[in-house]
Structure formats: structure tokens, C-alpha cells
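Take a look at the model first.

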Amino acid sequence: LMQLSIPLNFIGFVYREIRQAITDIEQMFDLLDVAPEVTDRPGAKPLKVTQGHVRFDNVVFAYETDRPILKGVTFDIPAGRTVAVVGPSGAGKSTISRLLFRFYDVREGAILIDGQDVRDVTQESLRAAIGMVPQDTVLFNDTIAYNIRYGRPDASQEDVRRAAELAQIADFIESLPQGYDTVVGERGLKLSGGEKQRVAIARTILKAPPILILDEATSALDTHTEQEIQAALDQVSRGRTTLVIAHRLSTVIGADEIIVLRDGRIAERGTHGALLAAGGLYADMWNRQREATEAEERLRRAREQD
Ligand code: ATP
């Protein structure tokens, strides 16, 4: 029996590793729409993040040649600051985050991190420097602890707990009968969108990358969940260069700069207050969204009273 159990253990180990690798790749492709066409240049060097300054310098990009998505976009995210990108659906907001990750190469212009063109550095070092909180997190069919620790596999139990606390998900986890050992994912406990996102935030807090991309959820969350997530996001982005991809506008209020994309160009830019005062595209989007949110809240309250 001993002789049999060792190979079985080993097969279990191999199976787990392969399954994990497949999940990783699937997750990357699913979430980030990756075309596996970008490769390291010969002699590519590891990215050296000294400050964490990000620059998009006259970036032109198209997925298909005859359909330009970005037509010359220039902006800076100074080290440690937060820039939010907003704009109508399909304007190219998520495309900006895919380009920063270098899942695609720009057609013209350049993307620089501390002066280094992302095309000149190794992809491994680039992706290690950037943390992503996606709008839809796919969790591994494993424990919550495993899912959080994935951000830094050598993290201690205490580190995992601390990250969960900062991400505003610790109380929820501790209320489960099996706590951090609860199996989640498709074959385990199904978490809500907001819970999954907070697990992803805890994971990113552990990874502690110098540069962060927050892809804000498209789906409407109730006000309470949204506040909890906002608090978690504030924790994770503190002191990090942060790019917020805002499909809704709730996370952009505190951004150092808001960039409004329209038809592949920057139509407006400024702080929340300045853009509201300007009464342009952003102010329109803001007012429309506020009306929609208020209507949703009224509906929810009406339903709760039934
Ligand atoms: P939303 O707020 O609705 O998520 P977005 O501003 O993030 O929109 P992107 O996802 O950046 O928009 O997409 C910009 C445009 O590029 C869209 O018209 C989309 O159809 C197109 N697009 C996105 N991914 C691809 C792809 N892999 N191949 C071809 N076109 C794509």
C-alpha cells in the first residue's frame, strides 16, 4: 500500500500543479483578452521601478488596422498618484490597462515606466511590478487562504489575515464555519461579486506591487458594499501609482486627475470638482449616473419594504 500511495500522492501533486497552471492561463486570457503575440525583445532587461512614474506618450493603438481605438493619448501618472480613466462604453478604457501590461504593443508612441519603454523590459518583470484588481475575479477552487496567499505564496497566516482585514473581508471570512479553510470557487462556496473583488484586493495587498490597476466593476453594487469596496481600494492604492479604469464613476472622486476618453482622444481632464464645474461631458455623465443610482436605491428600498 505504501508503494502505491506515494505515486498517487505524486500524481495528486502533479494534477494540482497542472490544474493551477491551466487556471492561471485561462484567467489571464479570459479576464484580460490577451493575444499571445507579444514577446520579449532580444536582450530585454528587467524593469527597474525606482519611483513608479507611468507615462503614456502619444499612444496610438488599434486591435484591427482600420479601426483605431486610441488616436494619440498622452498622460502621466506621477509616482504614488491616482489617475482615473472614464468615458463611454467602448471608449478604450480597458484597452489602456491592457497596454500598460503590454498584452499588446502600441502602434505609435510609447508607454514608459520610470523612463523605461515597456517594450524594452522583460514581460515577467513588468507583470511582477503591476498589480491588477480586475472587475471579475476568477477564484481558484481552493481555500480562501490559498486564494489570498496567491498574491505572495510565502506569506504567513498572519499576513493573510492582515490583508483580509485591510480589504474589509476578514469579518466575512471569520463568520464562515471553516473560516480561511473554506473552499471557494465554482466547486466551492460561491462568493458574490463584491466578496470576490475584496478577495482580489486582499491578494493584491499581499503582492504589494508599486503600480496598480483597478478595473472598477461594471455591475451595480449596493451602496454599503460599494462603500466597503471603496475603503478596501483606498487601502490598497495608498502610496502606489494607481490607474483606475472606471466603468462607473464612484471611485474617481478622489483621483488626482480624471481623464475623459472619447472617440480615441482625451476630451477633458482635471479633478472631479474642476470637471463638474466645467459642465462638459464628465458633468453630464456624472449627473446621469447619479440619477440612475438614486433610482436603483429607491427600487431597492421599495423591494425591501415589501
Ligand atoms: P466598457 O466601459 O464598456 O468596458 P471600455 O472603454 O473599457 O468599455 P475597451 O474594452 O477598451 O472599452 O474596448 C474598446 C474597443 O475596442 C471596443 O469597441 C471593443 O469592441 C474593442 N476591442 C476590445 N478588445 C478587442 C479585441 N481583443 N479585438 C478587437 N477589438 C477589441
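Which strands does α2 lie across, and at about what angle does α2 run to β1? This is a predicted model, in which local features need pLDDT of at least 70 and side-chain atom pairs count only at pLDDT 80 or more, while totals for chains, interfaces and linings use all residues. Residues are numbered from 1 along each chain as its sequence is written.

α2 lies across β1, β2 and β4, and runs at about 110 degrees to β1. Helices (H or I, at least four residues) and strands (E, at least two) are DSSP runs, numbered from the N terminus. Contacts have C-beta atoms, placed from the backbone, within 7 Å; axes are lines fitted to C-alpha atoms, for helices over the stretch in contact, with angles from 0 to 180 degrees between N-to-C directions.

The open, antiparallel sheet has the order β2-β1-β4-β5. Because β2 and β5 each have a single partner strand, one side of each is left without a neighbour in the sheet. Pairing requires at least two DSSP bridges between two strands.

The other open sheet is mixed, in the order β6-β7-β8-β3-β9-β10.

| Helix | Strands touched | Angle |
|---|---|---|
| α8 (223–237) | β3, β7, β8 | about 160 degrees with β7 |
| α10 (281–305) | β3, β9, β10 | about 95 degrees with β9 |

Back to α2: this helix gives three residues, the largest share, to the shell around the ligand. Tyr63, Ser89, Lys93, Ser94 and Thr95 come nearest among the 13 residues there (near means a C-beta atom, placed from the backbone, within 6 Å).

Terms used: Two residues are in contact if their C-beta atoms, placed from the backbone, lie within 7 Å.
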